[in-house]
Amino acid sequence: MSRLLEAQHINAQYGKVLAVNDVSLVMDQGQVVTVIGANGAGKSTLLNTLMGALPVSGRSQGQIFYRGEDISRMPVEERVAAGLCLVPEKRELFTSMSVQDNLLLGGFRQYRQRVAGWRDTLDQVYQLFPRLLERRDQRAGTLSGGERQMLAVGRAMMSRPTLLMLDEPSLGLAPRVVQEVFRIILRLRETGVSILLVEQNARAALQASDYGYVLEMGEIAMEGSSQQLRSDPKVAQSYLGLG
Ligand code: ATP
């Protein structure tokens, strides 16, 4: 397996508040990696920093490598072009536009740069989410919570990411829909996409992933294979509701 992402000692802050403190994280190609943590632990901030929406800050000289290349100061658009994609917690769909137009916007770069195959990608997205095909002319704002999540993931897929980062994909969804979201994550992985998942639903996230990190107050408190984390009494007590 080859190294896909390596973040070394990264800090991120809002004004004087340090929200991510000296975080190091690695991911190999093809892996699903989860970051679990309580509200406010810094999970979204970490993803936004990896995506380039927030700068790596401080004197820490933190660095982010993607396929061996230092992307620490690369703008978001270039990171998207390189294969990174983030589905933010607030799905940020264009609610008054149709499902299909939302998807096409996700593939805008390919379309504009005349990269062949965007139609094939659209077909693949519809294969993965037949529900979106059924509703392709419906306005995105009228979709159910689960369908919106499918659309947000589908739109991200249109940029043909190598590394897909999902911020709380199960947030606000009914338990049955949450199960569906995790099934989708496993299906995405079968298509060869590597996934970095941020979740409060630690049990389901660890079940769907290979490796996990526990973020507490901006710092990595623990890491290990998902199996190890699931059987750790401290993780069980704090994050799995057991103990
Ligand atoms: P949640 O699970 O509740 O979404 P999280 O683990 O994703 O939480 P973050 O959203 O990354 O946590 O927030 C980490 C810390 O940074 C929190 O203390 C939060 O209040 C603070 N923070 C987040 N965004 C901003 C901002 N734009 N300005 C100032 N502080 C912020």
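## Ligand shell and domain contact

Among the 13 residues around the ligand, those that come nearest are Asn-39, Gly-40, Lys-43, Ser-44 and Thr-45, a residue being near if one of its heavy atoms lies within 4 Å of the molecule. The model is a predicted one, in which local features need pLDDT of at least 70 and side-chain atom pairs count only at pLDDT 80 or more, while totals for chains, interfaces and linings use all residues. Residues are numbered from 1 along each chain as its sequence is written, and side-chain values use heavy atoms, with hydrogens and water left out.

By residue class, the shell holds four nonpolar, six polar and three charged residues, where Asp, Glu, Lys and Arg count as charged and Gly is placed among the polar ones. Helix α1, residues 43–51, gives the most to this shell, with three residues; helices are DSSP runs (H or I) of at least four residues, numbered from the N terminus.

| Residue (polar side-chain atom) | Distance to a ligand oxygen atom |
|---|---|
| Lys-43 | 2.8 Å |
| Ser-44 | 2.8 Å |
| Gln-200 | 3.1 Å |

On its own the ligand has 630 Å² of accessible area, and the protein covers 59% of this (Shrake-Rupley method, 1.4 Å probe).

The chain is divided into domain 1 (1–83 + 164–240) and domain 2 (87–160), with bounds from an automatic or database domain assignment. Their contact, defined by heavy atoms within 4.5 Å, takes 19 residues from domain 1 and 15 residues from domain 2.

Key
Polar contact = N/O pair within 3.5 Å; in protein donor to acceptor, adjacent residues only side chain to side chain. Helix = DSSP H or I, 4+ residues; strand = E, 2+ residues; numbered from the N terminus.
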